[in-house]
Amino acid sequence: MTDTPQSTLKSGKLGVLGIVFFVVAASAPLIGMTGAVPVAMVLGNGAAVPGAYLAVGLTLLLFTVGYAAMSRTMTNSGAFFAYVGKGLGVNAGVASAFTALTAYITIQLAIYGFFGAVVGGTFASFGFDLPWYVWSLLAWLIVSGLSLLSVDIGAKVLGVLLTLEVLILLIVGFAIFVVGGPEGVDFGASFSPTEIFAGGFTGTAGIALAFAFASFIGFEATAIYGEESRDPKRTVPIATYAAIGVITLLFAIVSFAMVTGLGRTTLIDEVLGRSDGLAAPEGVLFSLADQYAGGWAVVIMTVLIITSLFAGLLAFQNAAARYFFALGRGGVLPARIGTTNKAGAPQNGVIIVSAIAALVIIIFALVGFDPVGNLFFWMSSITVIAIVIVEILVSIAVIVYFRKNGGGNIWTTTIAPALSAIILALGLYLLMSRFNLLAGTVPEGVDPSLPESAWLLDPLGWFLVLLPFIALAVGFIVALINKKENEQLVKDFAS
């Protein structure tokens, strides 16, 4: 296909910071701190949760070594699927694209559910009570509109929101460290390897690591914006390392501050007491902010949780739309999907993502499903399984590509990606074995927090946990059937 303005994203719009804004915003750090961290502390390895986040961050840095090496050889808005295609062939690339799309679509759906619940609850406290789906659809309207504009406009919006979010987390964390908490600062309790892995991979350590993996969703999206960046073969690797570094340090530092503020020996009781038995996990960070920084911090956090969710919606809308764009341009999907509007945005990709989101929100509303217990937990659990599957494929693709074509050194092209694939495979096992805990899909009478409950799922749970693999198989079949058109992907994979 010829690179006309209608089939090419506008280049030179984003620098390193712009890409980092999109990626870190997708990880929604404030949501992770208020939602995932308290649950990981109680069900996982307690005071060692900060170490679990650090361990996962280091694992993903290993992945980034090979990912960054590959990014210097190509630029494509499909990112993951283009990398897999370049290393393992067109069929594998298309298959991974379907799984990656499953990840980005489901995480956006999850955030829409959480957004509707949080905003609905916030406004209801002021006497303005509307159903969750009204707020979700209002956000949907704004996100869809912004996604049709130039990508640098979205980056500026995310930049402001993300800066405020990171600042309030660091301010509260700093305030806790200054006071020292009831038992002082104890690095060993949170970062000692014996504490991090206490309870074993099938027990509490595995649960904490599973929650940590889930909190890094979206970091790999740096390469999606390669075509729209300045000097992509330099910008993408730097942005990827920067994004992983920021997310890892932020989660490790702030969760460590939470442990310090709660006290190592009284941590579980404090978390349960401040969160009403985990029914309101945001109460942990909110109460710490009030105790150590003041009530003003709680007010700001309440607002920023909403903006953090909105930032995540916008980031994943852009990511999914660009995947559809790349598949349309490559001939896997109709060519009209691989075109852009005058602003350089992948218009038809945006429309498809928005249509899917609206349809699911309406269906969940009509059926009466809960926006958090069903929409958020089901969809976000699917996402993390799908992302790790594709990360494993990318790690293998890096090794195969450089073995065939040479270049790089043994660390960046073989050792690091091989270690990454092995550790990610272990992470995938942990996530799938604990899917009943992440998604809440357990047979009646089963306690998913117990080690012996691993792999115990109800029929819905088995369908949800296998959905990313189903998408992988469907993508492979589509690639086989659509072989003639898929030859057009060779250009993208070779760029």
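**Reading a helix pair and a buried tyrosine**

Me: In this predicted model, at what angle do helix α5 and helix α16 pack, and how far apart are their axes?

Reply: Helix α5 (residues 90–124) packs against helix α16 (residues 371–405) at an angle of about 155°, and the two axes lie 7 Å apart. Angles over 145 degrees count as roughly antiparallel, so α5 is roughly antiparallel to α16.

Me: Which hand does the crossing of α5 and α16 have, left or right?

Reply: The crossing in which α5 passes α16 is left-handed. The residues of this contact comprise 20 nonpolar and 7 polar, with no charged ones.

Me: How many helices and strands does the protein have?

Reply: The protein has 21 helices and 0 strands. Among its contacts between residues at least 6 apart in sequence, 80% join residues at least 24 apart.

Me: Where is Tyr67 placed, and is Tyr67 buried or exposed?

Reply: A residue counts as buried when its relative accessible area is under 20%. Tyr67, which belongs to helix α3 (residues 49–71), has a relative accessible area of 1% and is therefore buried. Between Tyr67 and Thr413 there are 346 residues of separation in sequence, yet their C-alpha atoms are 9.2 Å apart in space.

Conventions: Residues numbered from 1 in each chain as written. Predicted model: local features only at pLDDT ≥ 70, side-chain atom pairs only at ≥ 80, totals over all residues. Heavy atoms only, no water. Axes fitted to C-alpha atoms, helices over the stretch in contact; angles between N-to-C directions. Helix = DSSP H or I, 4+ residues; strand = E, 2+ residues; numbered from the N terminus. Parallel < 35°, antiparallel > 145°, perpendicular 65-115°, else oblique. Left-handed = near helix turned anticlockwise from the far one by under 90°. Nonpolar A, V, L, I, M, F, W, Y, C, P; charged D, E, K, R; others polar. Contact = heavy atoms within 4.5 Å. Buried < 20%, exposed > 50% of the residue type's maximum accessible area, 1.4 Å probe, protein only.
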